[in-house]
Each structure stands twice: as structure tokens, then as C-alpha cells.
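Please keep the coordinates open while reading.

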Amino acid sequence: MSAKAISEQTGKEFLYKHVCTSAAVQNRFRYASVTAETDWDRLAQDHPWLLTERLVVKPDQLIKRRGKLGLVGINLDLEGVREWLSGHLMRETTVGKAKGVLKNFLIEPFVPHTQEEEFYVCIYATREGDHVLFHHEGGVEVGDVDAKAQRLMVAVDEKLSEDQVTEQLLTQVPDDKKEVLASFIVGLFNLYEDLYFTYLEINPLVVTQDGVYVLDMAAKIDATADYICKAKWGDVEFPPPFGREAYPEEAYIADLDAKSGASLKLTLLNPRGRIWTMVAGGGASVVYSDTICDLGGVDELANYGEYSGAPSEQQTYDYAKTILSLMTREKHSQGKVLIIGGSIANFTNVAATFKGIVRAIKDYQGPLKEHEVTIFVRRGGPNYQEGLRVMGEVGKTTGIPIHVFGTETHMTAIVGMALGHRPIPNQPPMDAHTANFLLNASNSAMTPATTRTASFSEPRTSNDVTPAKKSKAGLPAAKATTLFRKQTKAMVWGMQTRAVQGMLDFDYVCSRDGPSVAAMVYPFTGDHKQKFYWGHKEILLPVYKNMADAMKKHPEVDVLISFASLRSAFDSTVEAMQYPQIHTIAIIAEGIPEAQTRKMIKMADEKGVTIIGPATVGGIKPGCFKIGNTGGMLDNILASKLYRPGSVAYVSRSGGMSNELNNIISRTTDGVYEGVAIGGDRYPGSTFMDHVLRYQDTPGIQMIVVLGEIGGTEEYKICQGIREGRITKPVVCWCIGTCATMFTSEVQFGHAGACANQASETAVAKNQALRDAGAYVPKSFDELGDVIKTVYDELVANGTIIPAQEVPPPTVPMDYSWARSGSYNLELIIGHAVFLSRLPRYACQFIEMCLMVTADHGPAVSGAHNTIVCARAGKDLISSLTSGLLTIGDRFGGALDAAAKQFSKAFDSGMLPMEFVNKMKKDGKLIMGIGHRVKSINNPDMRVQILKDFVKQHFPSTQLLDYALDVEKITTSKKPNLILNVDGFIGVAFVDLLRTCGGFTRDEADEFVEIGALNGIFVLGRSMGFIGHYLDQKRLKQGLYRHPWDDISYVLPEHMSM
């Protein structure tokens, strides 16, 4: 989060150290902190003024209106202070709904003064600038300062002068105090800016003939500016809101978060509660908390927290074990539940993060069973099927009840199951798995034909872009209505190869004429080329060291996608806006200081540039363009029908929840036309209303969905737009964060902007206002999909939307028809050179497919790695290739021969599949060709499926293959990943081929298996891949390779070990 409250002592320390004013600021650094452990003698020695002056004592625990609550001791001597504290220190007190213990107190000199000498001053930040409030009557009875105070707004990047203060704020101040107050307020404002405050209030500010006294102070600073202000701030301790204890586990997770590029948050609400959560995503974590509270679980909700941003397995393990440790300290009579939830991830590897959670569950399996913990899991995203499988397996092996669900189940359905409000299905329905894709049938680089261009509600135009309108001189430039089109070209700042490849895959599946990424900018290397894939073809994208060169050479680029870090995002964005060709910038980084974000917004408004972000995953326009990792992997792109436009547009703050909206909208309507996640910061570059108005003015969009949240007031502009008739299309809206009003203390949710500073910023108030204005507002997030479907069905019924006929989705990146196409010289080459016989055409086609399948498995496997290391050491092609080939054996690539031998021996001896499996188990031997590290019966290897379809269609007989598939049925019943893998399949299918193709006798066929001919197919195919890796390294001029230490296990001599 960004804006964090600091203690009064910290705020005054900042002021006394750094304020610059001609006004005489009195009592500098004259304060003393008191807790139950305070040594009073030592305190008096350190602060001798305590023995000579009259004193004031008050709690310093973020409590508002302490005077009215009777929590201030005034005009006391030191003994009187101690006596007053005896009735307050370590006593439980109720402040509003919050109940807490008074632990920290502040003692200061008492300042005698009159009411006329008390003033009120406050500075706070908004999107447009900083507001300065001043009232000539301060103190306990100041009342409604928003209504009473004089105010002025200092626009972003402007300065405050003493003349402005005197003329606009001090109109009712006696003349003899104006000069002092003006100087102090300007100095205070400069301090506020320099130290990145977001809120600073002094009440009362006392001005006497001796000078200025700061009596009571409340403040918040932008914690993300730590890297800028560290020298001035020092080590800042952020106290918890009154009513909530500060736990060491919270500090531990905060430290993990600070050291990680991911996001890890934990807030303990009720450590004795029975409902615990471990939720992925800032937006999703709020939705789960809302649902728990809606279903009556607010008093039993133990924690709020979230993990997101692709944490590593170790980071997830550390986070999970902290949660499990906390929840297994005290038993609950009803047992406990752990909700491991999340939306559909965009780029987080679900299987990898779940491995960390599984490790923690295994470590805590004893306490979890002892405390009768039941676990409910729901997740989607990259590799989620494997993650869910692993999670289900650990439930079976440990005996812990773990109920696992995927994207076929509504995101929050598991909350109802966990709390007993809905039944737990015995066998949840599973979505079809589309985790692997095939290439276009053509041998050319052309993309597949468009499958569905638009809904019938969308008028077809020759050019679907609305350019920015030219503005009148002196006025800000107007922004484009259409941000992305089929011809949009983007530049990516940062070496985010995975995100770029995801964009290219999306482009290909959407039948774009060419890639949407024209170039990359990465200032930490020289200009070079980076390899990517366009379908099955290799392409090279230019990478530039500086943006100026990139812009000059690619004038067609009008979108910048910035993966710059939070420290460099501001400078790179400002630089990008100097180029008139750029009209849209997506800023992915989270944690950019708010003051910098506001400057970027101001500049973008002046130049007519639309900013999406910061702290966002981006946005997507189905069939057209996507930003970075938006929409997740291709399986989700296809499942949510994002390869073609629908009729519904949405805008959300949360990136993860935007993917969940893709899922909901695709299931309830004809799909998404466009979706944008504006980001979770307090000041997103573009607002809800900016995008809603774009959608209103876009003919192809027939209804709008808005997922708002607690904090800010942007949703009220939508209310106003509906009432004034500016927005006429149906708007379905829901603001998350309704649980906040049920908590007894303030909770800062995952997004920096998700915190209500006043009643109107609560989710409950905004939902009601939207409902009153005429938007379609569900009763809860659970009902959002139902409301979207109802509105959509009405639009279809009245003819506003005429859904287009759905056709099967396109395929990528390797199609079976492509795999079998091309020249058949292999009939002669392989038939005569290898098998000394001319093979049937189908046999050559099968061998060619096997060569393609085995040609390459990425750069990280043993053989490819050895080849790359040798190439980078300056060795020649033959040496490098040989190095890679020498790794092939029983553990790498040798399973073809071994599988063929094992299966054919068992089959030929008449052994039943079950007998074969049992014998291998009894002998303690592995069945070669069975098992996969990633793929499983639930997440099948499509390479095997393609080969199997071909073999079944063309081979005269498949006896050994059928036998192997019967073995697979037995092994997968024991463990889902014990499948017939691609090596095993090729091995047994080759035996069938050799025995039945008519080219060989039975003895000849068996001899080819015995002498290692099948492994020769693997060696031949993989050699092509190794040669490709060698050439890549040489072409890219890669330097000497050095392996990372943390990936090497070794044992030191005993005398050298720690």
C-alpha cells in the first residue's frame, strides 16, 4: 500500500527536523514516549524539562478526537502525569467500534494560550493537486472543518506562495498573526511535498507572541517513496490502527514483501477465529472477505491477506507456513476452515505457488488434523490443472480434507461450502483442458483465417480507430476513443520475453496480419535481436538500448507497454510522452509514489495520452490486441473466447479480477468486446469514467460492466453520467470491499487505493448510489454473473444484440495436419539409409512427426544445456553437438528403446497388464515410458494425442500400443501423472510399425529394437534442436556461461562447514 499513518511522535520529528520557515517553531523535539516498560528515572534524566514544566499527556495510537474522549491529561506535573497514567496505561478502551489497549503515550510541555490563539490547518492529496484547509478557530470544538474552513488547491507541480495563503486562507486572522501563519503554512506545505506526505493535520496550531506551537498532529506518508526519502525518514515504524495488535508474523510477512518483487500481505483480525484465508490477488482477497462477511462469518474471520505477482515457491511456502502456524495455535470447538482461493491468474504459475503451499501443508499435517482443519481450494490460471492435482493428492496422502475446484466453479462458491451454506459436490465438473495447442496447417507464415470477426451488433467499418481530436490552442489534447485496433503496434519497455511471446501468440490466434510488438527497449544491454515465435516460425524482434532510436526506427508504434521498475517507471514514462506518436501507455509497475503518478497524469492529460495503470496487468481487446500478460495463457484466451469480440465491455481496478470477469462474461454473454484493468493505486492514470465514456461512444459495445471497489469517489461520476443521460447503455456495477464497514478497526486491503477515508468512499455507500442512479447492482459479488446474464438476455430479446454464430476456435502452435505435410524425401532417406527398406508413406509420415516432436524441448534440458555451455565457451559446432548428445541415456532421452523392450517382452510373454505392473513393482523397477513431471490424465500431453490419432487411423495393427494404454489405465488410477509419455508412446508405436508395415520380418523388427534404432530417432531429432541452440548462441554473441551457485549441491569437508 502507499499512504500509511505514522505516529504523532514520528510526524513531529519529521516536522521539527525538516520544516523551513521564518516562523519561530517552539518546543522542538520536546516530547517523551511512555510505555508500560518505561524507566521513569531514566526518562527524567533524558528529558530534564519533565521535572520543571507543566505537562500534557495523551495516547499516541492513531486515535482521533482524544480530547473529546477524555484521553488527554492537561497542565500536570510529572507526578500528576504518572497518576493520570495509572488510570489509563494498559487499560482497555473503546473508541467507536474499536476496542483496544492503551499502550503508548506521549508527554509534551503544556502551552498556556487562549482560544483565539488556536488555529486549524490540514493538507491532503487528491488526483488534481493538494488541498490546504485553514480555519481561524481550532481546537477540540472545531466541528465540521470541511464546511467551515477556508481552502485552496495547489495543482500538481505548482508551488504555494505566502501571498496566496494570506489572500485565500487568512482572511479572518488578526493582522499581527498573518505573516507568521503564512510563513509557517508555506513551510509546512513544502515539508509535506518534500517528505511525500499524503495527509497532514495540525489541530490546534497555536500562535502566540513567542512563536508557533504544534500541539496535536495526525499524518500519513507515502510508504512507496521510501527509496527516495530514506535519508530523511530513517527507519519508520508504522503503527497498526487502534483496536488491532501488531503481531510479529505481520512484520515477518511485511519484511518478505519488501524483499520480494511479488506482493505478500497479512493482517490478523481475530487470531482465535475459525475462518482463515490464503487468497491470491489484491482484488480477489477483498471479494473473499466480502463473501465471508456476507454469509455471517465476520466474527470468525481470522485474517486478511493476499499473495500475488508470481511469488516463488519458497516465498509461497514461507507465507503459507506462517498462516498454518497461526491457525494451529488454539483449537476451536467447530474445527477450522482454510480457504485457498483466487481468481484466474494472468501470469502467476499456479502449480509453482501451490508447490510451496503443499510443502507447508505436509510440514503442518499433524497440527492441521489435530485442529480439525478442512481446506477449500479454487484457482485458475497458468498450469492450474497441475496445481489442483497436486493439491488434491496431498489431501489424499495426508488425510486432511481438501476440496479442490477450478474455473468451472464460481470464484466464491467455496466460501458457501466452507461455511455450510451450500453442499460440497462429490465430483465437480471439469472444464475441457486446452493447455496445449497446435499450429496452423499452412507451411507459410500466414496466420489462420479469422473465425468470427464480431458480434452482429457491431457495425463493420474499414477503420475501427478513432484518432485523438485536435484540440484548440491552449487546451489539453483530446484523447482517442479507440485505444487499440487490429493494426496497433506496440513497443515494450523491459526484457519481458514471456509477456511478449504471450502477446504474439494472442496475435496469431486472433488472425492478425503480423505481430503487435514492433520492438523492445532495454537500457541495460546494447542493441541486439531477440528470438520469438510467430506461430511455428521463428522471428527476431529488435531490442534497443535507448527509446529515441526505437521511436525513430518504428514510427508506426503508438502504444508503449512499460515493465519498468517502480524506480524507473516515472522517468521512462515521461520520456515516452515526448514522442507525439504515442497515444496509449500501460504502466505495469506497482509501488510508484503517488506524487510521481499525479505528475504523469497531468502531463498525459496535457498531451492527450491515455495511461493504463500503474499497478495493473493492462487490458485486452479480443480479436485485436492485448497488453502483456493480460488474459493469461492461451488456454484461458480460448476458454474465455478472447480470440474474437463480443458485445460487453468492462473496466476493473484489479488485474486478477479482470481475468475473472473475462470468465464470467464469456459464460453469461456473447463475450468481451474490450476490458481494461485501470490499476489498484489511489490515482490510476485513467479512471472508470474515462473508459465508460469510451465504451458509451463505441458502437460495437452494447453493455458495460464496472467492478469498482472501496476507496475514492470515481464511481459517483458514473452515477452522475447516468442521471444526466451521458451514459445510456446498461451499466452493471459492483463495488467490492463491503466487508470494511463490518470490521471494528480500519483494514488496508491489497490495493493501495482500497481504503475509505470517509463514509462516501465505502463500497456500501457507492453500491447504493449506483443503484439509486439506475445502474444494475447485484446484492453481492456472487450474483454479479446472474445480473450480467439478465441484462444481456434482455438486450438479445429486444434485438439490440444479435449474437453471431459461434465457430470452433483457431489452433496454435502446432497442428497435426502441418506435422504431416511437406516433402516426403524421408521415404528414401530414412527407409533406405536407416532401415534398408522402402517404408510406406504413412510410416515415413509417422517418423517425420516423431522427429518434429523430439527435435527440441527448450534450452533448459540436459542436452540443450550442455550444447549451449560449450557454444558459449567458444567450442565449434561438432564439439558442442557432441557434448549435448553425450547426455542421452537412461535418464535423458533413452526411454524409447527401454519402453519398447519392456512392453514388447511383457506382451509377447502373454502377461496381463495388471500382472506386468505388479511384477515391475515387486522387482522394484520403473516402467520406462510411464510418468511425466507436468502432464497428467487431467492435463494430457497433446503431442501424445496427435500421434495416437495418427497411429490409430493409419497403422494396420496397434496391439502393443493397446497393451500400453491398458497399462496406463492401471498406473493413472494410482497417480494421475503416471501417463504413457511421448517417449513411451513412440517406443511401443514403433514396435507396432516395424512388425506390421510389411517391410520387415518379425526377427528383423525385434533386432532393430535390440540394437537401439529407436533411440536413434531421438538422437536424430534432438540433434536438430541442439544445432539450433548452438546457432542461436553464436548468432546472439552470448558470452561465457557461469552456472548459478544456488543450483549446485555439494558437500564441504567437515573442517570447512559452518
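In this predicted model, strand S31, spanning residues 703–709, runs parallel to its partner S32, and the two are joined over 6 bridges. Within this pairing, valine 706 has cysteine 733 of S32 as its bridge partner.

The pair belongs to an open sheet of 6 strands, arranged in the order S28-S27-S30-S29-S31-S32. Although S31 and S32 are parallel, the pairing in the sheet is mixed. The edges are taken by strand S28 (625–626) and strand S32 (731–736); each has a single partner strand, so one side of each lacks a neighbour in the sheet.

Helix H30 covers residues 895–908 and helix H34 covers residues 982–996; their axes come within 8 Å and cross at roughly 60°. H30 is therefore oblique to H34. The crossing of these two helices is right-handed.

Which residues in H30 and H34 meet? On the H30 side they are Ala895, Leu896, Ala899, Ala900, Phe903, Ser904, Phe907 and Asp908. On the H34 side they are Asp983, Gly984, Ile986, Gly987, Val988, Val991 and Arg995. Sorted by class, this contact has 9 nonpolar, 3 polar and 3 charged residues.

Notes: Residues are numbered from 1 along each chain as its sequence is written. This is a predicted model: local features need pLDDT of at least 70, side-chain atom pairs count only at pLDDT 80 or more; totals for chains, interfaces and linings use all residues. Side-chain values use heavy atoms; hydrogens and water are left out. Two strands pair if DSSP finds at least two bridges between them. Helices (H or I, at least four residues) and strands (E, at least two) are DSSP runs, numbered from the N terminus. Axes are lines fitted to C-alpha atoms, for helices over the stretch in contact, and angles run from 0 to 180 degrees between N-to-C directions. Angles under 35 degrees count as roughly parallel, over 145 as roughly antiparallel, 65 to 115 as roughly perpendicular and the rest as oblique. A crossing is left-handed if the near helix is turned anticlockwise from the far one by less than a right angle, and right-handed if clockwise. Contact means heavy atoms within 4.5 Å. Ala, Val, Leu, Ile, Met, Phe, Trp, Tyr, Cys and Pro count as nonpolar, Asp, Glu, Lys and Arg as charged, and the others, Gly among them, as polar.
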